[in-house]
Every structure is written in C-alpha cells, then in structure tokens.
Amino acid sequence: MAYTSSLTVSQACLARPSAKRCSSLPANQHLSLSPRDLPSFSGLRVRSYTRSPALRRLPTRSTGRIHVRASAATDVAVVDKSVNTIRFLAIDAVEKAKSGHPGLPMGCAPMGHILFDEVMKYNPKNPYWFNRDRFILSAGHGCMLQYALLHLAGYDSVKEEDLKNFRQWGSRTPGHPENFETPGVEVTTGPLGQGIANAVGLALAEKHLAARFNRPGSEIVDHYTYAILGDGCQMEGIANEACSLAGHWGLGKLIAFYDDNHISIDGDTEIAFTENVETRFQGLGWHVIWVKNGNTGYDEIRAAIKEAKAVQDKPTLIKITTTIGFGSPNKANSYSVHGSALGEKEVDATRKNLGWPYGPFHVPQDVKSHWSRHIPEGAALEAEWNAKFADYEKKYPQEAAELRSILNVNLPTGWEKSLPTYTLESPADATRNLSQQCLNALAKVLPGFLGGSADLASSNMTLLKMFGDFQKKAPEERNLRFGVREHSMGAICNGITCHSPGLIPYCATFFVFTDYMRAAIRLSALSQAGVIYVMTHDSIGLGEDGPTHQPIEHVASFRAMPNILMLRPADGTETAGAYKVAVENRKRPSILALSRQKLPHLPGTSVEGVAKGGYVISDNSRGNRPDVILMGTGSELEIAAKAGEKLREEGRAVRVVSLVSWELFDEQSQEYKESVLPSEVSARVSIEAGSTFGWEKMVGSKGKAIGVDSFGASAPADVLYNKFGLTVDAVVAAAKHLFAN
C-alpha cells in the first residue's frame, strides 16, 4: 500500500495493512494444527485463571491432522507466510549452528510478526532514533526470533550471512542478544528475568522524560516498551521485583507478552511452577489479558495490544498461550525443542507439516516485498519526529537544549567544576556523606542525572535534596525509591542508561548486598551500561552490625570483573575524583565503595590522581628508589600515610601510594606505572580492610599484603581494626621485616 504525502505519520501507521481472518474460505486452503491449537477465543481480561488439567496434559504428538480453513484474502496469506518465514529462519540458523533454541521462535513468531510488522515504530536504517519503540526479548535464549525480525525489517546489522553465522566467532548474531554487538538490540539479555527488569527501566525513562519535556501539542517523547518473557523469567525473583515496581510506578507504556508454553528445560513447568501468574500480576498492579490461541489467533493478539494501549495508568501483561516448537510434528509441545536443534529429519518433517517448500534461509519474494515498506516508513517516522522536534526547539529552546544533551550525552562545559573541593582543614567525614555532597552537586548541572537506593537512602546518603520522588503521579522527579529490591534496582538502572546515552543513573545499597545484585552489575559491565553503583558500609569499619553486613571479598571480586571500575576513595578529594571518573565513563559501570566511619582529608590526594587509578601521595625518596612502598585504599590509606611518617622519623625513604582504582592504573602507560611502582623496589606493603586476594599483583612475591581473610565480627570499628591487625604498627612491622630480609 502506498502512502501519500498528505497522510501524517500517525495516519500512515494506522493505514498499514492488517490481516483479517475471514469465515468464508475456499475448500482447498487449510492449515495443519495440533489439538493444542484448537481454542480460538477473543482476548479476555483475566480475573482469575488456572490452566485446566486437560489443556496442560495434551499429548506432545498428534496422531492425525486437524484441518482449519484459512482466509483467501491476500494479506492473510502473506501474514501466514511471513510468520512461517520467521519460524524457518530460526530453525535453519539453529540447525546450521547445531546449537540454539528453536522452540521459542517457532511458538512466538505470530506475536513477533504483529509487533514488528503492524505495531511498533522504528527506523531500520537508524536503530538509535530516539522516539522508536523499544523491544526487549527477556527470554534471550530465543534470540533467533529477534534476529529474524530485524532481518525482515531491513536492519543492516542482520543480513542473511549473519543468520548463517549464528553463534559463530565474530558473528553479529551471538547466542543471546547483545546490545553492543547488534544494532537493533536494545539491551543484553540471557540470564532470565534481567530483560523484563531492563524493560521496566526503559519504560521508566520514557515516562520520566515525557513528564519533563512534553508540552501540550508537542509530545516529543512518546513511545512504548514491549517485552517478551517466558516461564523461566516468571520464575526468577528479579522479574517479580521489577514488575512490582512497574505496577507501583504505573508504567502504562510497558506491555509485556508472556509466552505461556508451559515448557522449560527440565520438562513441563508443572513439576515446579503452578502458581496463578495472572492473579499475581493483578496484585502487582498490572492490567492482565489472556490470549488463548497464540499460534494462529492473530486478531486476538491485535485486540489484546489495542486493549493494552488503552490502559494508560498501569502496565499490561498479555499472557499468550503458545505451543513451543509449533509446527514440529514430533517435538512440538515438549522440552526436546527448547534448547537444541531439531535435527535434519525433524526439520524436513516440519517443512512438510507446515507446507514450506523453500530451502534453508529463503525469504519468499512476497514476504520481502511486504516487509520492505518498513525502510521508507521508518525514514518517514523519523523525519516527522525531527520536524516536530525542530518546532519544539523554536517554542521551548531551553527544554530542547536540555533534552538534546540527554539524547547525545553532551555533558555541560565545566560540569566537573560543580564537584565540591576539600582542604586539610575540612572536617573529617565518612565518604558516604562526602558522596552525598557530590551527588547533589552533580544533580544541579547534569540534566540526565537521577537515581536512588534500595530502601537505604538515609543510610547510603543518596537523596537528591532539590528533587522529589519519582512516583506514579510525579514522574518528572529524580529520586528513585526502589524499596528492598537490590537485584531489580541494578537491572532497572541498566535499562535507564540504555534508553538514552545522557541518562546517568546511580543506585545504592550496602556494599555487602552487591551479592544480591551481582548478576545485574555483571550485565552492566557486559552491555557497556555506565551505571554508577554507590556502595556504602564498605568494610569491617561499619562495626557492630557484624559479619553478615561486613564485606570481605567484594572489592577483590569486582576487580576480577571485566569492564568495570572499582573505586575506593580515601577522602573528600578522592570521592570527588571518583565521581568525575564515573560520570565520564558512559561505556562501563563504576562502583564507589564508601565508608561509614569518619575519615580525615589527607595531604597529597588529588582528583587528577584518581583519574590515573594509582598515584603517589607522599614520598621522601630520590631517584625513584624508595626503601619501601606503602599502598592503601579507602579508609586504610590514612593508616599507610601514618605508617610512612613513622618510618621516615626513623630515617627511611618511604613512598605512600593510593591505589584507588586498579583498573584505571592498569590503563596507564608502562612508564607512568614504573614511576609509581618501580620494579626494582621489592619492599612493598599494602593495607586494605578486605581480602588480600589479588594484592600479590601489586606487592610482588616479596611484599606483604595486610588485610582481612576471614569473616568479620560484631564490635565497634576501632576494636575490629585492632583485632584484625589493620594498624599503623602492623604496617611498620611488616616494612621492617622486609628490610631485615
């Protein structure tokens, strides 16, 4: 269908061809369906529902064919063929790779087709156009569904060769969707539940920006977030955490499709998962719809999406009952199609069963023609939005400039000068308190800066004092109240930062509770999401709460994680420097480990030194040959500095080094690293209130690492430091031992 220039973009979208299933059919047109496909009811709003035992226990194999007449209308035939194209692109890619998950794409092809071909707005030639709808495949193992859809839609990132190289070295079609590998993929998914939590973050970002920047008649922020999640996502706790928040926040532009196929890797989900998902989601504050025939009920899927869009005050879960591996005569509706290739014989049988006469990776010409319109349509959508934004810019120049900085991560000139400065006369304070000063300073100058805590804002000191709380009726505010939901907090922040480059989210809890959110932090690092993790109570120095709350191995574990900055500042100057680094690093997350106890401001610390990761704060040696090098981080840098003073009083040449970030130090030139830690000096002592694991890298085989290699204890901080040997005397004794040997 051609669109004339007199149509608006919105009208053009509404004018897209829609497949209508008719009741009068030629006798020679029919589909082969399994008994599970028989129900064909309209989408219903669910009040309570439990799958009937009969439906749950349908046989996995059909002994005969059931013939259902198909529409003679051309558009219906093309839609059917398009849906099967998606299925067979997935089947063929998995088969060629001899690895993958064909079952989900085969079952979800109808909903995927309707979303990408009839509902979503996007520009295939500019995957990063701001006002596009976002699609998240939370059940990331079924990624061939997304790759097939991107391929048909005309994305340059997924050509036929990319489909043929599925899961291979250097491919743009990896085994799970990765946003940094494949333009068109919004977030990295795979670990179940993460994707739907990311989708909550994306929807939050849309609602927040819309509230801040839209004006009557100038709705320049207006897009939806769609997600497909499966039974596995529903079982993961992170999904419930995130969906609870989505309901609380009233994210009405979040629409999630629950692929209800009742099969997981171990078999029928009945063995471990029998809860009423619909009732749970209603309790979480979601609108719930059930589409009983997700295999061929195109109109029911369309009606459900229409109903979901009409509900603007809450997110919608559309439960779509599907058959995993639809079309496979011997493996459909069974776990055997979940995570492995069908096999050559079953691929042939599936081709025959679905009447698919084409060879591997073939896209029929009428399907190509049908999908080809998305390229000009996408360009028209973006052009229309650009014109709308240009008009907005004339009417609201200040708002437009602010939004543009968020869209393009243009940090204001001189933003770093807003960070507080400290002197030796500044009162001693906990770095968590100094962090709050930095957060509030940054919020005044960075338009995309927002964040919050997992019910610990008053303890993490993370409240932005000039803003209110982001809530259902106040989405323009910037304090995010996550509640006691650490895991989803991290994943939601990943979604926020993946929404727009200039959105800079931070989230906070006690450092020990990174254990609850480690998977989300790892995905921050993997997906190049520059979340700022503000982690307080960073050591045994938190004191009386005891070993359950005292992190020991956590610093070392994050130093082992790729593409993440682990920063442990020692005073106000280093805290400001850590925030400067964290804001500048938009392609990798940062963790700031902050103290509960008060710390003095130390001579020699600098913002510039923090940027290098490791630097000298004091030194009385000559020729780059100190007698001993003392190293520390965070609260223990003060101990190292005092030990250095004591040794100097005894006539020793001592260098004291702050190693605030090992990752940044590793990135410096060899010449610089040698100037800080000369290789000829083997007398080295480190002190850190955590595991000594990894410190051999810095102290060498002849040096001494002082730390805590057991769990902590309940006692005041000063008592704990003495009992665990984190003292000036211990550092001095270690240095003297090295001198003697």
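Visitor: How far apart are the mean positions of the positive and negative charges of the protein chain?

Guide: For such a count, Lys and Arg are positive and Asp and Glu negative, with His and the chain ends not counted. Each charge is placed at NZ of Lys, CZ of Arg, CG of Asp or CD of Glu. Here the mean positions of the 79 positive and 78 negative charges lie 4 Å apart. This is a predicted model, in which local features need pLDDT of at least 70, side-chain atom pairs count only at pLDDT 80 or more, and totals for chains, interfaces and linings use all residues. Residues are numbered from 1 along each chain as its sequence is written, and side-chain values use heavy atoms, with hydrogens and water left out.

Visitor: What pLDDT does the protein chain average?

Guide: pLDDT is the predictor's confidence in each residue, from 0 to 100. The protein chain averages 91, and 90% of the residues score at least 70. Over residues 1–74, however, pLDDT stays under 50. For that segment the model has 148 contacts (heavy atoms within 4.5 Å) beyond four places in sequence.

Visitor: What radius of gyration does the protein chain have, and what would a compact globule have?

Guide: The radius is taken over C-alpha atoms, and the globule rule is 2.2 Å times the number of residues to the power 0.38. With 741 residues, a compact globule would come near 27 Å; the protein chain has 29 Å, which agrees. Along its principal axes, the C-alpha trace spans about 100 × 60 × 45 Å.

Visitor: What share of the residues is buried?

Guide: Buried means under 20% relative accessible area, exposed over 50%, and partly exposed in between (1.4 Å probe, protein chains only). Buried residues make up 61% of the 741 in the protein chain.

Visitor: Is methionine 461 buried or exposed?

Guide: Methionine 461 is buried, because its relative accessible area is 19%. Asparagine 563, at 32%, is partly exposed.
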